[in-house]
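Student: I'd like to learn how to read a sheet and the helices around it. Could we walk through an example together?

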Amino acid sequence: MPQPNNQPKKHRTRANAAMKTRTLFCVTLFIVGAFGLLIYQLYALQLRDAELYRTEAVTQQLKDTTLPALRGSIYSVNGKLLAKSSTVWNIVADPSSIAKSGASESQLRTAAENIAALLGGDTTADTVYEVLTAKNSSGEPYQYRMLAKGVDKPVVDSILNYADEYRMDPEDGATTGKRILYFSTEQATTRSYPYGEFLSSVLGFCNSDGEGAYGLEKYYDETLAGTPGRSVAETDVYGNALAAGQADVHEAIDGNNLFLTIDENVQSIVEEYLTEAMNTFTVHGRGSAIVMNVKTGAILAMASIEQFDPNDPYKITDTKMTDILGKEEIDANDIDWLEGRLGEKAVADIVADGKISREKTIGEDGKEVASEYTQLQGMMREAQWKNKNITELYMPGSVFKLITASAGLDSGVMSTSQTFYCGGSLTVNEGSELWEHTYRCANGEVHRMQDMAGALNNSCNLWFIQAAETLKPQIFYDYIQAFGFTQPTGIDLPNETRWTSVYNAEQMAEVDTNLYTAAFGQNESITPMQMATAVAAIANGGYLVTPYVVDSITDNDGNVVSQTETNIRRQVISEDVSRQLLAMMENNVYGEGDYHSCINAYVAGYRIGGKSGTAERTDRHLRGDGDYYKAMSFAAVLPIDDPEIEVFVLLDDPRWVKDYASQVVAPVVGNIISEVAPYLGIEQDPGYNPSGTVKVQTCLDYTWTNAQVTLNRQGLKHKLIGPSSGNIVYQYPVGGSDVPAGSTVYLYTATDQNSMTTVPDVAGKTGTFAEQMLKAANLNVQFSGDSGGKVVSQSVEAGTSAAYGTIITLTMDSGEDTPAETTPAAEEETIDPANVEG
């Protein structure tokens with residue numbers, strides 16, 4: 001009988017054993033791997049990455065906050081605050097924690113409404129709600145969203161208190177409900193400028209990050225900025241600082257302060273008259289002005305009109321520009337304005353079709369190009385931010401003849417008695433097809449034979465062409481370089497252009513018309529600051545000084561960190577040549593003889609020297625009327641026997657019936673001098689009698705500008721009642737009246753009715769104080785008796801109504817037997833006209 005076959009059973013036994021072995025191996029391998037991974041993780045946590053996790057743990061428990069430094073302040077030379085920073089706070093929301101609170105939409109909407117009300121201003125409830133519920137692209141709530149920036153402390157406290165009190169209903173057994181709103185704060189600073197547009201082209205402004213973007217704010221950014229501090233504090237789970245926690249605080253170091261050379265009173269006078277000139281003469285380009293100390297280079301005033309408000313620098317303040325920007329179709333007049341203000345090349349493509357498109361386009365490189373509207377808006381902002389005195393070039397015209405004359409005298413090639421003939425026209429390179437050119441004097445005038453003083457007074461182009469030809473290119477160019485026209489002035493302001501357009505010796509030798517036109521200030525472009533600095537060198541004995549705006553830098557304790565000293569770059573001409581030129585400059589304004597080309601800048605009692613310049617803008621196409629665009633400038637220095645200050649004014653592209661700087665800009669300079677010189681205490685000519693009387697000249701039917709010039713020559717002050725655009729229809733005191741020298745004549749352009757004021761009571765006051773009170777009330781004063789005594793009586797009873805300009809005669813005692821003044825000493829102060837009824 002055959003045996004049963006047991007082979008399959010043995011096979012299954014061996015298979016099961018193998019499976020068990022594999023299973024055991026896998027389990028063992030898994031356990032070993034798991035323990036290995038655990039050991040590796042322990043190694044990573046405790047050894048390799050221990051410091052990293054320790055740092056992260058500390059970070060979660062600590063709040064590291066930057067404490068911003070308070071930016072330094074900017075003051076005028078008299079200590080007037082011009083720019084300051086204040087501490088404010090930013091409020092930051094944590095939408096992720098707000099979402100975890102479980103608050104309903106209705107609760108969050110209510111919170112948003114109340115927070116918006118606390119913030120005030122333009123903040124809306126919808127805006128706040130969007131911040132409270134903000135999510136990223138993945139739908140996850142943010143942990144950090146800015147709710148509000150630059151918030152004052154009381155508002156911050158009210159919002160934080162509201163966030164602490166606005167909670168969910170308490171759960172069973174709890175006394176306080178769960179928090180809904182999670183806010184934190186960041187300390188920050190805000191910059192403000194108390195006087196708005198005043199001096200803005202010099203001050204500049206700060207960007208949204210608090211960094212200097214233009215002007216002094218940019219140039220002295222590191223000086224003003226200070227050093228930020230740091231605070232590290234223990235926090236709760238939501239990142240809020242624990243009240244009982246420890247904090248490590250490193251205080252910020254506030255920035256240093258700037259004290260300027262700018263005198264706010266001089267600056268105010270300059271801005272007033274420059275703005276008036278811009279309107280009166282319909283200036284299409286911008287106007288600029290500089291008042292500087294010719295001996296030190298200190299800038300007393302500097303303006304570029306139109307200016308901007310540094311508190312809101314992105315707002316375009318030029319109404320003409322905003323009007324154009326609001327149009328979709330523009331006409332020839334609009335294009336003329338845009339070209340004058342922004343530059344022909346800059347706006348060429350935009351104005352080509354007479355429309356301002358609001359649509360974006362695609363450029364040749366495939367990238368999106370901003371709309372014409374946006375481009376124009378950007379150009380307008382940049383234009384109003386620029387300080388025209390240092391950033392833009394202009395053609396100086398005949399003011400540059402002072403440089404040609406200086407080179408002739410100082411080089412020894414010529415003397416003041418040098419004569420050349422002016423026949424009204426002069427043709428050079430006659431017969432040459434390439435270089436022949438005929439030059440003419442203004443209006444085709446014929447000056448005949450004249451010396452250097454006569455040529456300056458007549459502003460004779462032909463005399464100076466012949467003078468430059470005598471000098472030769474190299475000598476002339478040496479003086480152009482020496483006067484600083486081939487390099488920046490070095491003034492402590494940003495963005496001073498390093499590029500000028502002046503012919504060098506080779507260019508003048510190769511093409512002699514380059515030499516000839518340079519001799520009278522045509523076809524060469526420099527900055528107003530370069531021209532003003534060169535004129536200062538002529539006035540101060542021949543020394544080229546570096547102009548500056550910051551007098552000193554102090555820390556918060558008032559300690560002087562640095563003091564600006566006068567920097568003489570070099571001596572350009574001799575002191576003797578300087579004296580000769582000053583004498584000729586004075587003759588231009590007032591002196592012996594019947595004709596003085598610059599007499600419109602004359603102010604009675606002051607010895608003033610000056611030179612006008614009218615340049616034809618040959619770099620531009622002709623105006624619509626077929627004439628050249630003009631740049632008109634005027635430089636004046638005084639007192640001529642020992643100059644202290646220079647007043648320089650430029651009007652770029654004025655439109656006026658009289659087309660020369662001697663008729664347009666000289667009066668502006670004279671008006672500035674008429675107020676600045678007395679304020680600065682500049683000595684008058686000893687031969688002038690300021691205590692005498694003057695017969696007022698009639699100014700009826702005069703333009704406001706001509707009336708000012710007339711009264712300046714008489715030593716009388718002037719105030720306008722009404723718009724500056726009309727002719728004078730009434731004046732008081734009236735023409736033919738005898739008034740004390742220095743009195744103010746009130747000129748009316750819109751009415752023939754006197755403006756009235758209330759006469760103050762000055763009895764018992766000192767003469768000086770009484771005069772201040774009456775002048776502040778728009779009244780004129782004359783004294784009967786010693787003005788150094790005290791007022792016994794006044795010709796017009798106190799409290800009565802009198803016309804502006806009425807002369808109040810004060811009867812004075814000798815001051816010897818009068819009892820001591822009973823009026824409090826504090827009353828003997830300078831009167832603020834704003835506080836006087838009138």
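Predicted model: local features only at pLDDT ≥ 70, side-chain atom pairs only at ≥ 80, totals over all residues.

Student: In which sense do strand β22 and strand β23 pair, and over how many bridges?

Tutor: In general, strands of a sheet pair through backbone hydrogen bonds, either parallel or antiparallel. Here β22 (residues 630–638) and β23 (residues 645–652) are antiparallel partners, joined over eight bridges. To find your place in the pairing, look for A636, which stands opposite V647 in β23.

Student: What is the strand order of the open sheet?

Tutor: Reading across, the five strands go β10-β9-β23-β22-β21, and the pairing is antiparallel. The edge strands, β10 (299–305) and β21 (609–616), each pair on one side only. From one strand to the next, the twist averages 10°.

Student: Which strands does helix α22 lie across, and which does helix α23 lie across?

Tutor: Helix α22 (residues 528–539) lies across β9 (287–293), β10, β22 and β23, and runs at about 30° to β9. Helix α23 (residues 575–589) lies across β21 and β22, at about 75° to β21.

Student: At what angle do α16 and α23 pack?

Tutor: Helix α16 (residues 401–410) packs against α23 at about 140°, and their axes are 10 Å apart. That angle makes α16 oblique to α23. The crossing of the two helices is right-handed.

Student: Which residues make that contact?

Tutor: From α16 come L402, A405, S406, L409 and D410, while α23 supplies V577, Q580, L581, M584 and M585. Sorted by class, the contact of α16 with α23 has seven nonpolar, two polar and one charged residues.

Methods: Residues numbered from 1 in each chain as written. Heavy atoms only, no water. Pairing = 2+ DSSP bridges. Helix = DSSP H or I, 4+ residues; strand = E, 2+ residues; numbered from the N terminus. Axes fitted to C-alpha atoms, helices over the stretch in contact; angles between N-to-C directions. Contact = heavy atoms within 4.5 Å. Parallel < 35°, antiparallel > 145°, perpendicular 65-115°, else oblique. Left-handed = near helix turned anticlockwise from the far one by under 90°. Nonpolar A, V, L, I, M, F, W, Y, C, P; charged D, E, K, R; others polar.
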